[in-house]
Amino acid sequence: MQPLLEQGDRMEEASPEPSVSFWSQISTFKTRVWEACKRKSTSHWVLLFLSSAAMLVAFPASSILSRLYYSNGGTSEWIVSWVAVAGWPLTALMLFPTYFFSKTLPTPLNLKLILSYIVLGFLSAADNLMYAYAYAYLPASTAALIASTSLVFSALFGYLLVKNKLNASIINAIVFITAAMTIIALDSSSDTYGNITTSQYIMGYIWDILGSALHGLIFALSELVFVKLLGRRSFHVVLEQQLMVSLFAFVFTTIGVIVSGDFQGMKSEAKSFKGGSTSYILVLIWSAITFQLGVLGATAVLFLASTVLAGVLNAIRVPLTSIAAVILLHDSMSSFKILSLVVTFWGFGSYIYGSSSVSKESS
C-alpha cells in the first residue's frame with residue numbers, strides 16, 4: 001500500500017503543472033487576440049460590429065415582414081419581390097461616399113460588364129419572385145430553414161463554374177443540410193396554416209428550393225464576373241455590382257408588377273389590409289429597408305472579415321428567424337422542425353470548418 005500512497009503524493013505534487021499549462025494557453029490566446037485587434041483600427045471593428053448586427057437583425061426582420069404581409073391580407077407575390085429590390089438607393093448612398101474617401105473613380109463600363117449586370121439582375125428578379133411564392137405558402141420559420149440550402153447550391157455551382165475547392169467537410173455539410181430539408185418535408189401535415197392546402201405547401205417548398213438553387217447560381221456567377229471581367233474585388237467594386245444588379249432587378253420586377261396589374265391594385269389592397277393603409281405602407285417600406293440593409297451588412301462582413309465569419313453569422317441567422325417567427329407570428333415548432341434546425345446548424349458548422357480549411361490551404 002505504501003508505494004501507492006507515495007505515487008499519489010507524487011501525483012498531487014505534479015497536479016499544478018497542467019493548471020499552469022492551461023492558464024499559459026489562455027494567456028497566449030488573449031495575447032494573440034489583442035495583437036490581432038491592434039492591427040486593425042477602431043473604426044474597422046465598429047464597422048464590423050454594425051455590419052454583423054445588420055445581418056443578424058435585418059435579414060430575419062425582412063423574412064418576418066414578408067410573411068406578415070401575407071398574414072395581414074396581402075396577396076401579391078410580385079409586390080413582395082418588388083419590395084425586395086426597391087431599396088437599391090440605399091446601396092447608392094453607401095457607394096458614393098467611398099469614391100470620395102478612398103479617392104477612386106467608378107469602374108468603367110463595357111458591353112460585357114453591362115450584359116452581365118442585366119443577366120444577374122434578371123436572375124435576381126426571378127429569385128425574389130420564387131422566394132415570394134415560398135413565403136406565401138410556408139411559415140416564415142420553415143421558409144428560412146429551406147432557404148439555407150442556398151449554401152449547398154453555392155458550393156456546388158462554385159465548384160462547377162469557378163473551380164472552387166470541395167473537401168470532405170463541405171461535402172458533409174451538403175449531405176447534412178439536404179437531410180434537414182428532407183426532415184422538413186416529412187412535417188408538412190403539422191406545419192401548414194389553416195388557409196393553406198397541402199398542394200400549396202408543396203408548391204411553396206418547391207419554390208423555396210428553386211429560389212435557393214438560383215441564389216446559389218447567382219452567387220457563383222457574381223464571383224465569376226469578378227474573376228473574368230473585373231479582375232479584382234474591392235469594397236467599392238462589390239457595391240457597384242450590388243447597385244447595378246439591384247437596379248436592373250428593380251426594373252424587371254417593376255415591369256412585372258405593372259403588367260400583372262398588381263401595382264394598380266395596391267390602393268385597394270391597402271384598404272383591406274389588416275391595420276389599414278398606414279400599416280400596409282409601413283410593412284412595405286420596412287421590408288425594402290431591412291432586406292437592403294441585410295445585403296449591405298453581408299457584403300461588408302465579407303470584406304471586413306472573411307467568408308468564414310459570414311458563414312457563422314448566416315448560421316446564427318437561421319435559428320434567429322425561426323425563433324422570431326415562433327414568438328411574433330406564432331409559427332409551430334414541432335419536433336421535426338427542431339431536429340431539422342439542429343441538423344442544419346451542424347451542416348453550417350461543417351461548412352464553416354471546411355471553408356476555413358480551404359482558406360488556410362490557399363494561403
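This briefing describes the aromatic ring contacts of the structure above. The model is predicted, and local features need pLDDT of at least 70, side-chain atom pairs count only at pLDDT 80 or more, and totals for chains, interfaces and linings use all residues. Residues are numbered from 1 along each chain as its sequence is written, and side-chain values use heavy atoms, with hydrogens and water left out.

**Ring pairs in general**
- Rings of Phe, Tyr and Trp (its six-membered ring) pair if their centres lie within 6.5 Å; planes under 30 degrees apart count as stacked, over 60 as edge-to-face and the rest as tilted.
- The count comes to twelve aromatic pairs by this rule.

**Trp82 and Phe263**
- The ring centres of Trp82 and Phe263 are 6.0 Å apart and the planes stand at 85°, so this pair is edge-to-face.
- Trp82 belongs to helix H4 (residues 77-86) and Phe263 to the loop between helix H11 (235-260) and helix H12 (266-272), so the pair ties together parts 181 residues apart in sequence.
- Helices here are DSSP runs (H or I, at least four residues), numbered from the N terminus.
- Trp82 is buried, at 17% relative accessible area, whereas Phe263 is partly exposed, at 41%.
- Buried means under 20% relative accessible area, exposed over 50%, and partly exposed in between (1.4 Å probe, protein chains only).

**Phe122 and Phe252**
- Phe122 and Phe252 form an edge-to-face pair, with 5.5 Å between centres and 85° between planes.
- Phe122 in helix H6 (residues 111-137) and Phe252 in helix H11 are 130 residues apart.
- Phe252 is partly exposed, with a relative accessible area of 28%.

**Cluster**
- Tyr69, Tyr70, Phe273 and Tyr280 are linked into a cluster by ring pairs.

Terms used. Helices (H or I, at least four residues) and strands (E, at least two) are DSSP runs, numbered from the N terminus.
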